[in-house]
Amino acid sequence: MGGGNRSYRDAGVDIDAGEALVAAIKPLAKATARPGTKAGLGGFGALFDLKAAGFRDPVLVATTDGVGTKLKIAIETGLHATIGIDLVAMCVNDLVVQGARPLFFLDYFATGKLQVEQARIIIKGIAEACRETGCALIGGETAEMPGMYAPGDYDLAGFAVGAAERGRLIDGNTIKLDDVVLGLESSGLHSNGFSLVRKVVEDAGLDFMTLAPFAPKERLGAALLVPTRLYVKACLAALKPGGIKAYAHITGGGLLENIPRVLPKGLAAELDATSWNLPPVFRWLAETAGIARQELARTFNCGIGMVAVMDPKHAAKAEAAFKQAGERVHRIGRIVKRPAKGPGTMILNAERAWPG
């Protein structure tokens, strides 16, 4: 009977490594502190004081998301510095769609064997994005699960909570015919469609360390890992002049499926593909893999990462606010009557602007 004295470390879980990671990331989390933050890392639960954050009658908004198989490229290339930015962006960009200001963020990091420095680099990216969007990193979970993940693999999930004063949330209910559709440029692929991207790379016989065909001065892996753009500050700033009726974060489902999520019944968005430039990465994907235009717009953001729908009278002020906040903005379409059994997003002139 028995097999000698056993420890958790013998089973593949290193408690000391976990404690070392907590010590390493405490200053990163502390740098994200904002009014309302009540405690540091290490407790069983994190506290946040809404009154201290300046809210009188707030409605909370919560989101959760991951990074998807973009993680596989980070793992294969060893480039982990920006994947945490993606994680935060996917969550907080969804919060601001409803006019909510991000308040705090929690992350879940799971791996087979904890590599402290790798995890610290990833969480540093999370903290950087939290700081940029005014969101406190107030807690999280690091799970070491040998047997669940292949050596070197890890997974990430994020959870964000924001708030808006009651009556100031936006939901698209007031959108009407001929409202303007503005598009904010994306930084690239963001964090969607990477299962297809990785398949295209594999079929093309490329290596992530080779030079990118669409960005010859960069390695392919680094070019594909450009992080998701953080739209929070710009979208909040553009709300101040008034007139914005809805935002749509262009994530999984691309342009075709995300915009209709904020439109009232019977209305559709008519977009002109010639009103913005299709970034080289999307052109390369379409041409290399023969991706049809419809599939391209249904899978990827195609260069537009956030959409705003608004009253035409206020469009110029909103454009100015976006530009002042550092965004590149285009008038990409208008709101029209939705055809019977027709799509919620119609893209005009795609044959002139996109390959396929």
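A salt bridge here is a side-chain nitrogen of Lys or Arg within 4 Å of a carboxyl oxygen of Asp or Glu. The model is predicted, so local features need pLDDT of at least 70 and side-chain atom pairs count only at pLDDT 80 or more, while totals for chains, interfaces and linings use all residues. Residues are numbered from 1 along each chain as its sequence is written, and side-chain values use heavy atoms, with hydrogens and water left out.

Q: What makes Arg334 and Glu270 a salt bridge?
A: Their closest N and O atoms are 3.2 Å apart, and the cut-off is within 4 Å. The pair links strand S11 (residues 329-337), which holds Arg334, with strand S9 (residues 267-272), which holds Glu270, 64 residues apart; strands are DSSP runs of E with at least two residues, helices are runs of H or I with at least four, and both are numbered from the N terminus.

Q: Why is Glu270 called buried?
A: Buried means under 20% relative accessible area, exposed over 50% and partly exposed in between (1.4 Å probe, protein chains only); Glu270 has 19% relative accessibility and therefore counts as buried. Arg334, with a relative accessible area of 37%, is partly exposed.

Q: How do you know that the span of helix H3 agrees with its number of residues?
A: The expected span is 1.5 Å times one less than the number of residues, so the 14 residues of H3 (residues 83-96) should span 20 Å, and its end C-alpha atoms are 20 Å apart.

Q: Why is H3 called largely enclosed?
A: Of its 14 residues, 13 are buried, so the rest of the structure largely encloses H3.
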